[in-house]
Amino acid sequence: MMIWINLTGLILIGLIVWWFWLYQAQSTQIKDGSIEVLVKDGVYQPANITVPAHQSVQLMFVREDATPCAETLLIPELDINETLALNKRVTVTIPASSAGVYPFHCQMQMYRGTLMIK
């Protein structure tokens, strides 16, 4: 019995390590000026987005997750704070910005993504 408890514990630890440190979120590059981001099951899909520098782009968020944490989108370094309505498309305009890496997340930072401006 003790072996099964230890084995279960090791499997759970392995899953935690994979989720927080090894998991590579889906990524994409914007080519035509806009992209749709799905907010569902605890993640942004895609979570890593690359956009061109010095060009305004639009990210269209569709929130399918009813949890309160998914309701707010924050991109602090770009001073963006948007409320995402459930099952509706919300367009967020990213202003023309300098090259850099800009994290985005919900208010509790459970949903996380990265906006890479190149």
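The model is predicted, so local features need pLDDT of at least 70 and side-chain atom pairs pLDDT 80 or more, while totals for chains, interfaces and linings use all residues. Residues are numbered from 1 along each chain as its sequence is written, and side-chain values use heavy atoms, without hydrogens and water.

S97 sits in the loop between strand 8 (89-94) and strand 9 (100-105); strands are DSSP runs of E with at least two residues, numbered from the N terminus. With a relative accessible area of 10%, S97 is buried (buried is under 20%, exposed over 50%, partly exposed in between, with a 1.4 Å probe and protein chains only). Beyond its neighbours within four places in sequence, S97 contacts A53, H54, L78, Y102 and I117, contact being heavy atoms within 4.5 Å.

The whole structure holds two salt bridges, each a side-chain nitrogen of Lys or Arg within 4 Å of a carboxyl oxygen of Asp or Glu. In one, the closest N and O atoms of E36 and R89 are 2.3 Å apart. E36 belongs to strand 2 (residues 34-40) and R89 to strand 8, so the pair ties together parts 53 residues apart in sequence. E36 is partly exposed at 38%, and R89 is exposed at 53%.

E64 and K40 form a salt bridge with closest N and O atoms 3.7 Å apart. Because E64 lies in the loop between strand 5 (57-63) and strand 6 (72-75) and K40 in strand 2, this pair links parts 24 residues apart in sequence.

Terms used: Helices (H or I, at least four residues) and strands (E, at least two) are DSSP runs, numbered from the N terminus.
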